[in-house]
Amino acid sequence: MLAAMADAAAAECCGTQYSCVTASNTLSWINAIVDFIAPFNSLINAHVVNFFTDRLWENVDKEWMDCLRREPVQNLLLIPSGVVQDHWPASLKQFILKLRALALCQEQVDVNTALPGLYITSLNTVLAQGMNVKKKHEVEILSAVVSTVANNVRADAVIDVGAGQVVVAVDDDDTDPRQVEGHGMGYLSQVLAFQYQHPVIAIDACSHHGSVTDARAERIKKHYVSQMLKSGSGMWSLNVPKTITCHVLSIDTLKTLVEASLPVDDALQSTSMGNQNKDQGKICWSSNAKRKPSTVLAGLHACGDLSVTMLKTFIECQDVKAVVSLGCCYNLLSEGSAKDGESEFGFPMSHAVRSVGLSLAKNARDLACQSADRWRSLDMHAGIHNFELHAFRAAFQMVLCKYYPDFTMNTPSIGRKGKALRRRHQRRSAESHLHLKGSTGHLRQDFLPVVSTESETGIFISLF
């Protein structure tokens, strides 16, 4: 039921009475959503682990609870998609159908219709090395889209924002995520540079990830250089991505990077191959030296506020002619309010949404990222397993609150530890391992470094 209420922006809803044709239409839609969810704020802002401790079921209509507790699991899994059953109470059916009407349509757009002339090229084995099937599919399509857009706007370079591995930067209380960046090991940058021959600047928040990206690019460059030498077809020019390490935490930061990275007199470095101009490594932006170079901002899995920063930079920076971004982790958006005015918060972006007082706390944003399609695709056993996990975790929260109240008050992080935290533990463990090896001179081959945790109770929390 919580997922159904929070998934209003993700359920399929063709034929809705609302539209975004004009600004006033969009605002009317937003106001309808605000009015609809207001009575349920106590539910959508609650955390599922507190289901028992806060007796959340008492906030749900008793007639609905009596009906739904007898329903087959398959019917419950269809609720986020807006599917109702004939025998349900009229008020419950009206509630779910209203949710479906308020949800934004998510029909997949035909890329070839949106971008006529788009040609998607399959990645060779060298560029695709290390990618899983999903990542290869994403990079193949997005690189073709970015290349087409860059050619259409005659951009001099592409800036890949968040090119490295995932980096999470949050406050100590884990309630105000400020930035999440990255999509891989520079995959998009390298395909745009080596396959589509665009000058590319790859921005990454972590110097280590930048080094990994550069090392991969160097291996790819050696392959292409070898192919050029074997072909013996004369002079070739090979673009290699340029990596910049920087935390993009504001619009000004990204604008500065855009403006400073593309000076006319010191263009992007490329590797030029050929017998006659072997030492040349400059790209001439334009025959008109007075024209400032233009760019396209690109991002694959530009998470949280990073997507917002890219959009705002596109609006405010004249050098940016287009933006192509696939955002993710919208639950990690930082959130402001109407009183914040022109702030650096990621949500809401518009004056209109701020003016209506729409507020979605972190728990509500987490729920909003639930996928109706994913719930609908689960079979009965998988659905029961998911419900059991939440139930056991909520029961464990009751134990913590009763027997370890101080611990629950002093430990704000609920649920699994993030990937970034696990990576930090692994990196520290690896560094400790290397230090021990250097000091002792040898290690047993079966030695496994142990990552310590804050407490045994913390181990249990991370398991659910």
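Guide: One thing before we start: helices, with at least four residues, and strands, with at least two, are DSSP runs numbered from the N terminus. Tyr-403, for instance, lies in a helix running over residues 380-403, and that helix is α16. Keep in mind that this is a predicted model.

Visitor: How many helices and strands are there in the protein chain?
Guide: Those DSSP runs come in two kinds, helices and strands. In the protein chain, the count is 19 helices and nine strands.

Visitor: What share of the residues counts as buried?
Guide: Buried means under 20% relative accessible area. The protein chain has 464 residues, and the part of them that counts as buried is 42%.

Visitor: And what share of the accessible surface belongs to carbon and sulfur atoms?
Guide: The accessible surface of the protein chain comes to about 25700 Å². Carbon and sulfur atoms hold a share of 55%.

Visitor: Of the contacts with a separation of 6 or more, what share joins residues 24 or more positions apart?
Guide: Contact means heavy atoms within 4.5 Å. Among contacts with a separation of 6 or more in the protein chain, residues 24 or more positions apart account for 72%.

Visitor: Is Tyr-403 buried or exposed?
Guide: Tyr-403 sits in helix α16. Over 50% relative accessible area counts as exposed. Tyr-403 has 55% relative accessibility, so the word for it is exposed.

Visitor: Which residues form a nonpolar patch with Tyr-403?
Guide: The patch is on the surface, and its members have about 330 Å² of accessible area together. Besides Tyr-403, the patch contains Val-399 and Tyr-404.

Visitor: How many residues of α9 are buried?
Guide: Helix α9 is mostly covered. Among its buried residues are Tyr-187, Leu-188, Val-191 and Phe-194. Out of nine residues in α9, the buried ones number eight.

Visitor: Where does Arg-55 lie, given its positive phi?
Guide: Phi of Arg-55 is near 50°, and Arg-55 is not a glycine. Its relative accessible area is 43%, so Arg-55 is partly exposed. Its place is the loop between α3 (41-44) and α4 (62-68).

Visitor: How many aromatic pairs does a search of the whole structure find?
Guide: Rings of Phe, Tyr and Trp pair if their centres lie within 6.5 Å. Searching the whole structure that way gives a total of 10.

Visitor: How do Trp-64 and Phe-95 pair: stacked, edge-to-face or tilted?
Guide: Their ring centres are 5.0 Å apart, with 45° between the planes. Trp-64 lies in helix α4 and Phe-95 in helix α6, so the pair ties together parts 31 residues apart in sequence. Both Trp-64 and Phe-95 are buried. Planes under 30 degrees apart would be stacked and those over 60 edge-to-face, so at 45° this pair is tilted.

Visitor: What about Phe-194 and Tyr-224, stacked or edge-to-face?
Guide: Phe-194 belongs to helix α9 and Tyr-224 to helix α10, so the pair ties together parts 30 residues apart in sequence. Both of these residues are buried. The centres are 5.5 Å apart and the planes 15° apart, which makes the pair stacked.

Visitor: Which residue's backbone oxygen does the side chain of Thr-313 reach?
Guide: Thr-313 is in helix α12 (residues 305-316) and is buried, at a relative accessible area of 0%. Thr-313 touches residues including Ile-251, Leu-297 and Val-320. The backbone oxygen is 2.7 Å from the Thr-313 side chain and belongs to Thr-309.

Visitor: Last one: how far apart in space are Leu-238 and Lys-221?
Guide: Leu-238 is in strand β5, and a relative accessible area of 1% makes it buried. In sequence, Leu-238 and Lys-221 are 17 residues apart. From C-alpha to C-alpha, the distance is 8.0 Å.

Notes: Residues numbered from 1 in each chain as written. Predicted model: local features only at pLDDT ≥ 70, side-chain atom pairs only at ≥ 80, totals over all residues. Heavy atoms only, no water. Buried < 20%, exposed > 50% of the residue type's maximum accessible area, 1.4 Å probe, protein only. Polar contact = N/O pair within 3.5 Å; in protein donor to acceptor, adjacent residues only side chain to side chain. Phe/Tyr/Trp six-rings, centres within 6.5 Å; stacked < 30°, edge-to-face > 60°. Patch = residues over 30% accessible without salt bridge, like charges linked within 9 Å, V, L, I, M, F, W, Y side chains within 5 Å. Areas by Shrake-Rupley, 256 points an atom, 1.4 Å probe, with all protein chains shown as cover. Salt bridge = Lys/Arg side-chain N within 4 Å of Asp/Glu carboxyl O. Lists of a residue's contacts leave out its neighbours within four places in sequence.
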